[in-house]
Amino acid sequence: MNYFIHTYGCQMNVHDSEKIAGILQSIGYIECDSVDKADIVVFNTCCIRETAEKKIYGHIGQLKKLKIKNRNLIIVVCGCMSQQDGAVESIKKSYPYVDIVLGTANLEMLKDAVLQVSKHRKKFFNVDFLNTREEDFSISRTSYPNAWVNIAYGCNNFCTYCIVPYVRGREHSRPIRDILKEVKSLLEEGYKEITLLGQNVNSYGHGLETGENFAMLLTEIGKLEETYGKFRLRFMTSHPKDLSDEVINVVSKYPVICNNIHLPVQSGSTEILRRMNRRYTREKYLELISKVRAKMPDVGITTDIMVGFPGETEQDFEDTLDLVRQAKYSSAFCFVYSRRKGTPADKMEDQIPYKVKQSRITRLLACQNEVTKEISAQMVGNTYEVLVEGANFHYQGVMCGRTESGRLVNFKCDSKMIGQFVNVKIDKAKSATLWGSIVTEE
Ligand code: SF4
């Protein structure tokens, strides 16, 4: 019996798919490489943008033919899209051949749901918010030498453009002892990089009665190097309003915690940030960047930026370009604002015309490209420690890995070196792409 998983969206979903794979393998399913060979097809969905949602519904629609050919095929829809208001009803009506719909907080029901459908041909729909998510799944990890570890779920921030708080529920954190147990066992298994995941890792501690916070969690993991040897610790995503001095200090103190922070700014205009309900100003954000750089001069800062938010004037947009030049991000995920039903921004009257948004995103990408190029050029000739992550499938014999600051480097080496730390001298830079060669000590 085979399974095939379509994963859409963010890192949180990629990791959820590892859990889905683990659950399916625990009841005897094996991964296959196409939907045509599958007995179960899972759509692990995302609804952050309208285009993503339309694409997913299109893909679910394409399975109708397959279901007619194979009545026993089980089709599962889970993830953020299924959690939206009215989604279950709409799936039942428009895609009646879907067998299982699960929300974001009840993946643990997948095993029972599959058994119910396969044995009794009885459909299973449950999108209740349980907020009691246990981490006792068998996880089929796919990203060695990196392992993803959830530290918190949900979000309480309600940025006015964002659907996440409505589909992922209120923030709740896993206790430090559970996270530490998982991290220790991953290090024992030989993982060399741990990435902590949460919608806002900096507010870690919500829902815990023990007063645990993110700095405490980082400290506990930072101390593990003594026992487990060298590894790297990364985390995402950091909300700028909650990035405390304490966290910055801990990151700079422990060698295993990478000098790499993803700090989404979204806009460089204080007025647009206010309308987005981001709860920081342009000035506060730039102050934060200076503080981080003062503690960690080699830090790699990345960000998310949105253009075309309702009411964004040409001046607001120019402020964003100016901030990009000042902040000197090593890279940025740049997006066009997408209306999401049910969010306050969707009801704002001053929506920005499509053409203006398109022109702004082109200008923003060009601006960030210039900044990245400049940073990359400064790296040429220097040597950095890189963790070998895997093959670059575009070039034969070329592997890739990241510097501690998060820059991706291509270099030649044997695939047996995946999971090892090597020193790589940067030979050339093509904007975001760095090319180098391994340096061996005499
Ligand atoms: S912090 Fe804002 S953008 Fe991030 S998930 Fe929460 S509501 Fe969405």
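Buried means under 20% relative accessible area, exposed means over 50%, and partly exposed is what lies in between (1.4 Å probe, protein chains only). The legends below describe a predicted model, where local features need pLDDT of at least 70 and side-chain atom pairs count only at pLDDT 80 or more, while totals for chains, interfaces and linings use all residues. Residues are numbered from 1 along each chain as its sequence is written, and side-chain values use heavy atoms, with hydrogens and water left out.

**View 1. Lysine 284 and glutamate 287 meet in a salt bridge.** A salt bridge here is a side-chain nitrogen of Lys or Arg within 4 Å of a carboxyl oxygen of Asp or Glu. For this pair, the N to O distance is 3.5 Å. The two residues are about one helical turn apart because they sit three residues apart in helix α11 (residues 282–295). Helices (H or I, at least four residues) and strands (E, at least two) are DSSP runs, numbered from the N terminus. Glutamate 287 counts as partly exposed, at 45% relative accessibility. Elsewhere, salt bridges with shared partners link Glu312, Glu314, Glu318, Arg360 and Arg363 into one network. The structure holds 29 salt bridges.

**View 2. Two further salt bridges can be viewed here, Lys19 with Asp16 and Arg177 with Asp178.** Between lysine 19 and aspartate 16, the N to O distance is 4.0 Å. Both lysine 19 and aspartate 16 are buried. They are three residues apart in helix α1 (residues 11–26), so about one helical turn separates them. In the other pair, the closest N and O atoms of arginine 177 and aspartate 178 are 3.5 Å apart. Arginine 177 counts as exposed, with 61% relative accessibility, whereas aspartate 178 is partly exposed at 32%.

**View 3. Arginine 282 lies in helix α11 and is buried.** Its relative accessible area is 12%. Look for the polar atoms of its side chain: one lies 2.8 Å from the backbone oxygen of glycine 268, and the backbone oxygen of aspartate 319 also lies 2.8 Å from a polar atom of the arginine 282 side chain. Such a polar contact is a pair of N or O atoms within 3.5 Å; within protein, one must be able to donate a hydrogen and the other to accept it, and residues adjacent in sequence count only if both atoms are side-chain atoms. Setting aside neighbours within four places in sequence, arginine 282 is in contact (heavy atoms within 4.5 Å) with residues including Thr270, Leu273 and Asp322.

**View 4. Helix α7 (residues 214–222) is largely enclosed by the rest of the structure.** That is because seven of its nine residues are buried, among them Phe214, Leu217 and Ile221. The cover over the buried residues of α7 includes α6 (176–189), β10 (193–197) and α9 (245–253). At the start of α7, a side-chain oxygen of asparagine 213 comes within 3.2 Å of the backbone nitrogen of alanine 215.

**View 5. Threonine 343 lies in the loop between β14 (331–336) and α13 (354–379).** Threonine 343 is buried, with a relative accessible area of 0%. Leaving aside neighbours within four places in sequence, the residues in contact with threonine 343 are Thr160, Tyr161, Cys162, Ile163 and Tyr166.
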